[in-house]
There are 2 protein chains.
Amino acid sequence: MSRISALETHDIRFPTSREFHGSDAMNPDPDYSAAYVVLRTDDASGLAGHGFAFTIGRGNEVQTAACAALHHLVVGLDVEGVVADLGGFARSLTGDSQLRWLGPEKGVMHMAVGAVVNAAWDLAARRAGKPLWRFIADMSPDEIVRCIDFRYLSDALAPAEALAILRAAEPGKSERIDYLLQRGYPAYSTSPGWLGYPDDKVVRLARQAVSEGFRTIKIKVGLSLEDDERRCRLAREAIGPEIAMAADANQRWDFDVAVPWIRRLAPYGIAWVEEPTSPDDILAHRAIRAAVAPVLISTGEHTQNRVLFKQFLQADAVDLIQIDATRVGGVNENLAILLLACKFGIRVFPHAGGVGLCELVQHLAMADFIAVTGQIEDRAIEFVDHLHEHFVDPVRIRNGRYMAPTAAGFSAQMRPEALVHYRFPGGAAWRTPYL
Amino acid sequence: MSRISALETHDIRFPTSREFHGSDAMNPDPDYSAAYVVLRTDDASGLAGHGFAFTIGRGNEVQTAACAALHHLVVGLDVEGVVADLGGFARSLTGDSQLRWLGPEKGVMHMAVGAVVNAAWDLAARRAGKPLWRFIADMSPDEIVRCIDFRYLSDALAPAEALAILRAAEPGKSERIDYLLQRGYPAYSTSPGWLGYPDDKVVRLARQAVSEGFRTIKIKVGLSLEDDERRCRLAREAIGPEIAMAADANQRWDFDVAVPWIRRLAPYGIAWVEEPTSPDDILAHRAIRAAVAPVLISTGEHTQNRVLFKQFLQADAVDLIQIDATRVGGVNENLAILLLACKFGIRVFPHAGGVGLCELVQHLAMADFIAVTGQIEDRAIEFVDHLHEHFVDPVRIRNGRYMAPTAAGFSAQMRPEALVHYRFPGGAAWRTPYL
């Protein structure tokens, strides 16, 4: 019998703001960061689980402290017990009677739960010798349902409904696994569209994305309507009429600003408009969606938990959703969100980028294809080509598609030298002057 | 010219779980705690501002770290500039381009903003030589409107509407101030109803509350319907038919459990049912409210920000709201919420208890009476008789009413010896064995 012997935490930051990567209307200068956790075990094989919460710089020490605050719920647990009941494990973290006050189930404390829960799934998948997407795909519908906390969901998705969805996806699983292994999962590219980029760079990167096989690109908007119209026009000219182009406002607008702005961008052929307003504002999304139809509206990368996703779906407030691997309470809650989306007939375009988000979220999208919806070609995972070199099992993109990971685990592990070099504030990356 | 010279933080915890004070259906064992901040200045008078975020124990170190993470936005600022533009000050904290990712405007990071913003209001009121309620009451409608961040509110409350509400409240201000100083503000008592208390203690404390002049008491419910019915019956018998009795479920139920449960308690005369389900679930509150009418439904102590409050009001999801002085982004955001409630014609019954919440929130309710709604006798502030002795300017309750504070500031300052004795983990209160 082996036990979890330590919950290690690391404050890891990449000085990305020096080059304006990742700049958008609300986040002009992100330093992509990870509050990184390792669940060590006393297993003789050296078994460990890796996970992290993604942040954009300042405050990563707060996020790291929140991960450490879960220590008493994790260290000393029997590994076999954890992997046999990942639902109970996740509920024990969200349910801590004192920590719960700090959310409940939102913000820093909930992202910390997500980091530790994801590390436990990484550990479970490694122990089973499978990549996470396959580990989930090989679970029975009953096992998956047992992982989900249905509290506050029962008015939209009962356990029996979730079970029916999962059972309906059982036929064809092995054919879909073969398809995935051969063809991968569609990706879309956000690399061309950062607000900090000059026009010629947008055009060059948009053309490059198309030549690399991407069928959808995304442009950041929301600071200046005039600039947005010009950038959308230039990007559309660069990619031609056949490629989809989404626009991401990163929460910049109120209702009365969003509606005319979106109408002005619509003629350039906008596949969807992402985060038009506050990620907390279900009713404003609904109103914007109604006003700008048939333009599609989406949100999700900042959606705090399953209760908000449920309401976005119940209220017909969005046409699509993004999921994020590290915003909510880990794999369990993302499975609940995927099941909700399936029940409501809403497609999921997972949010990625930052550092490590592509590595993680690909597993969830692939598990959705194999075990939940059975659908793949009318959706895509975001892709940004940054910082993958710091991971032991980085994503592999071929012809605009994510190739299915084959190494065991959740692809969450950073290379040991990255943990040293980018440690904040002591690592070498932070000892050089900040320009 | 004086400057803010330091943002001090203190992790302060009271071992209240040893006596089961504050036990409810979701929080069985709280250790009431404060992530306490002091804005020091280099002013020769020793001017300082005090504030805190309230938590219930574990994780208070995370909350304290979040307060410290605002350091770079505060230290070095000109005091006069801060007090002259408390709106700009609050927006500079919620708007930090990297910290914003940790919310936005929710959870640990937002409560930290609230603590620091409240400390700035404490400082401003002290400098003006006025208790905070009076400091706000003496501001012009324009000055109050400039304090508010209308982002994401404009579809429900425009600045001009807020101004009209505040201007309509100007006549009669001085008469209301006299009334408040003489008669105080109604309180209601939660002391009898904690779930951990045996029946005879509930009955004894309910009778005591009535004899002390309280016209409303509150009972915690939600763990066992049989127990709840018995406790409501006993409490109703103890207080007689004339006293109001509210029930607080502390987020325990889903819709399908809430509705029959509330119907079973309704015959005991329930003034309102508080937090029947997830504080994030606007649509479930609306459905519960519709199903159990005419029983009144409320929420608010865990409502994360003005965007959620706005939607609860827009959706007709609640009959009453609670505000909390330390859950949202400080006085500014609570003023926005009070204005929203006024516009929608919804009464506010402020949440208090814990440690220091009574001291703070009384100022907001009193400012609402003087400067926003002009209303007082059909509403009440929660009161729990715990831990007031640790404050320099503790609440004064007479005949079931909060007497208006007269000392300058926000009543937020803890006694210096409390900051030493209850410091976690090193203070004397935590060096004795935990029973």
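In strand 3 of chain A, the residue that bridges to Tyr36(A) is Phe52(A), where strands are DSSP runs of E with at least two residues, helices are DSSP runs of H or I with at least four, and both are numbered from the N terminus. This is a predicted model, in which local features need pLDDT of at least 70 and side-chain atom pairs count only at pLDDT 80 or more, while totals for chains, interfaces and linings use all residues. Residues are numbered from 1 along each chain as its sequence is written, and chains are lettered from A and ligands numbered from 1 in the order in which they are written.

Strand 2 and strand 3 of chain A pair in the antiparallel sense over 8 bridges, and two strands count as paired if DSSP finds at least two bridges between them. In chain A, 3 strands make up an open antiparallel sheet in the order 1-2-3, with strand 1 (4–13) and strand 3 of chain A as the edge strands, each pairing on one side only.

Turning to the domains, chain A is divided into domain 1 (4–146 + 419–431) and domain 2 (173–414), with bounds that come from an automatic or database domain assignment. Between them, 45 residues of domain 1 of chain A are in contact with 47 residues of domain 2 of chain A, contact meaning that C-beta atoms, placed from the backbone, lie within 7 Å.

Which element gives the most to the side of domain 1 of chain A that touches domain 2 of chain A? That is helix 4 of chain A, with 12 residues, and the elements that give two or more residues there also include strand 2 (33–41) and strand 3 (48–55) of chain A.

Terms used: Two residues are in contact if their C-beta atoms, placed from the backbone, lie within 7 Å.
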